[in-house]
Amino acid sequence: MEKRQQWGSRYGFIMAAVGSAVGLGNIWRFPAVAYENGGGAFFLPYLFAILTAGIPILILEFTIGQKYRGSSPLSLFRLNKKAEWLGWWQVLIAFVICTYYSVIIAWAIKYTIYSFGTQWGSDPSKFLFGKVLQLSDKPGEIGGLVSGIVTPLLFVWAVTLFVLFRGVSKGIERLNKIFLPTLVVMFLVIVVRALTLDGAASGLNAFFKPNWDMILDGKVWIAAYGQIFFSLSIGFAIMITYSSYLPKKSDINNNAFITAFANSGFELLAGIGVFAALGFMAKQQGVPIDEVVSSGIGLAFVVFPSIINEFPGLNGLFGVLFFLSLVFAGMTSLISIVETFVAAVQDKFNVSRTKAVLTGGLTATVISLLFATHGGLYLLDVVDYFINNFGIVFAGLIEVILVAWFFKGLTGLQTHTNEISDLRVGTWWKVCLGVVTPLVLGYMMFDNIRQNLKQNYENYPTELIMYAGLLVVAVTILIGILLSLKGWKASANIEEKREVA
């Protein structure tokens, strides 16, 4: 068994953790979620969600990884041998996510090139769905590969696997030290330029103006928790894996606060940049701001190209900066996602890092080609929705319930993290994890199930929902349980190191 690698510095770990948290969702999800849920008033439940769920779960996962010093399956096994299956489930969720996340980064690479000369023309929607994705008319039809997507997709995987081959400190840490500051600088340039546009003020007013009437709406608070949960890389093995590479004396609690607030700071920056640009677009088209607000793929690859078309001066440069920002944000997150199953394979099967990267990386690369087909976008949309809402949320709920309620592990973990951290956590931490978070995540699961029983997501065919949504989630759970039944081959004194909390 190879000696467990470590981060070269505390700064390197924080850069990697923040790099994982700061992803595509910060740029294209948060601004619209905030706007639709009360604007400036949304920041109150958002801050409450950070303090009662985001930071407590980060501290929990940082502590589990740092104390038990293993991948998610190994760390949870050492916490309690009945929890190993949960670690594998989290790893498999991450595996599924990386197969389609890589494809979106490939799109962003193509659009970085298209920005030169604004090659998407006057109809970005037709350009995206017709020329770039060559999307089939009927959801559920896979069709053949889109050759224009395959090349940048293979490039994304080549870079990812190269970085992972290099290891934790020489690969992941070094890349994040370059990519994350560069991402922030690029996005600052975008924000400053967007703020100078005619109509930017009206966009910012729409973003920040508080609608206090919505503050009593439970859905707004659920949206705040959902945003925090999806944007902090919690609940699917990443933070447990990353913290397992920390030295034995590491300030876990401060690291969690820094990671959470750095992530939120970038989300706020993204909101300012996006809404300043949307305000400009609304002014140019002579329409209210709510008619141009969008999120997700539509915001990134349809609305923003439309905005760039209207830009005075060097509009191509703005496009390059925006889509490169997506590439950089996506790559730092993708590498963290892939590292979860690289570490898990290493620990479970006692193989070298090179073999683990090759086995996991090449398998994920092949599967990712499914999303580079003519029906890939439909497939991606369904898999993403179900693996997030019924995978990550459910796995996070099970994690806090098992640790807090069944294993009674919070006291031991609290003692450990307080011994090595300058900032101590008290009763609030245990109440948040034992009561607040399970209640909120439990309601989110209940509400998701209720909505999906009423009608199919996006009215997609039931067959597509079944095999790309429900089946994918079920298979991750099943394979996770099967892997946990297999004995450990690692020579890492598994039983001796395991401490039943």
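This is a predicted model: local features need pLDDT of at least 70, side-chain atom pairs count only at pLDDT 80 or more; totals for chains, interfaces and linings use all residues.
A cavity is a set of grid points where a 1.4 Å probe fits but cannot get out.

**Stop 1: the cavity**

The structure holds one cavity of 30 Å³ or more, and the volume of the largest cavity is about 50 Å³. To find it, select Val103, Trp107, Leu133, Leu135, Val146, Ile149, Phe371, Ala372, Thr373, His374, Gly376 and Leu377, which line this space. Helix H6 (84–114) and helix H17 (376–406) are the elements that give two or more residues to this lining. Colouring by residue class shows nine nonpolar and three polar residues in the lining, with no charged ones.

**Stop 2: the second largest pocket**

Next, select Leu92, Phe95, Val96, Thr363 and Ile367. Of the 25 residues lining the second largest pocket, these are the closest to its centre. The pocket holds about 550 Å³ of space. Elements that give two or more residues to its lining are H6, helix H15 (315–349), helix H16 (353–368), H17 and helix H20 (462–485). Display H20 in its own colour: the largest share of the lining, seven residues, comes from this helix. By class, the pocket lining has 20 nonpolar, five polar and no charged residues.

**Stop 3: H10 against H13**

Now show helix H10 (residues 200–208) together with helix H13 (residues 252–285); their axes come within 6 Å and cross at roughly 130°. H10 is therefore oblique to H13, and the crossing is right-handed. On the H10 side, select Ala200, Ser202, Gly203, Leu204, Phe207 and Phe208; on the H13 side, the contact is made by Leu268, Gly271, Ile272, Phe275, Ala276, Gly279 and Phe280. Nine nonpolar and four polar residues make up this contact, and none is charged.

**Stop 4: H4 against H13**

The axes of H4 and H13 come within 9 Å and cross at roughly 140°, so H4 is oblique to H13. The crossing of H4 and H13 is right-handed. From H4, the contact residues include Phe43, Tyr46, Leu47, Ile50 and Phe62. Among those from H13 are Ile252, Asn253, Phe257, Phe261, Glu267 and Leu268. By class, this contact has 15 nonpolar, six polar and one charged residues.

Notes:
Residues are numbered from 1 along each chain as its sequence is written. Side-chain values use heavy atoms; hydrogens and water are left out. On a 1 Å grid over the protein atoms alone, a cavity is a set of points where a 1.4 Å probe fits but cannot get out, and a pocket is an open set with protein on both sides within 12 Å along at least five of seven lines; lining residues have an atom within 4 Å of a point. Grid points are joined across faces, edges and corners, and a volume is the space filled by probe spheres set on the points. Helices (H or I, at least four residues) and strands (E, at least two) are DSSP runs, numbered from the N terminus. Ala, Val, Leu, Ile, Met, Phe, Trp, Tyr, Cys and Pro count as nonpolar, Asp, Glu, Lys and Arg as charged, and the others, Gly among them, as polar. Axes are lines fitted to C-alpha atoms, for helices over the stretch in contact, and angles run from 0 to 180 degrees between N-to-C directions. Angles under 35 degrees count as roughly parallel, over 145 as roughly antiparallel, 65 to 115 as roughly perpendicular and the rest as oblique. A crossing is left-handed if the near helix is turned anticlockwise from the far one by less than a right angle, and right-handed if clockwise. Contact means heavy atoms within 4.5 Å.
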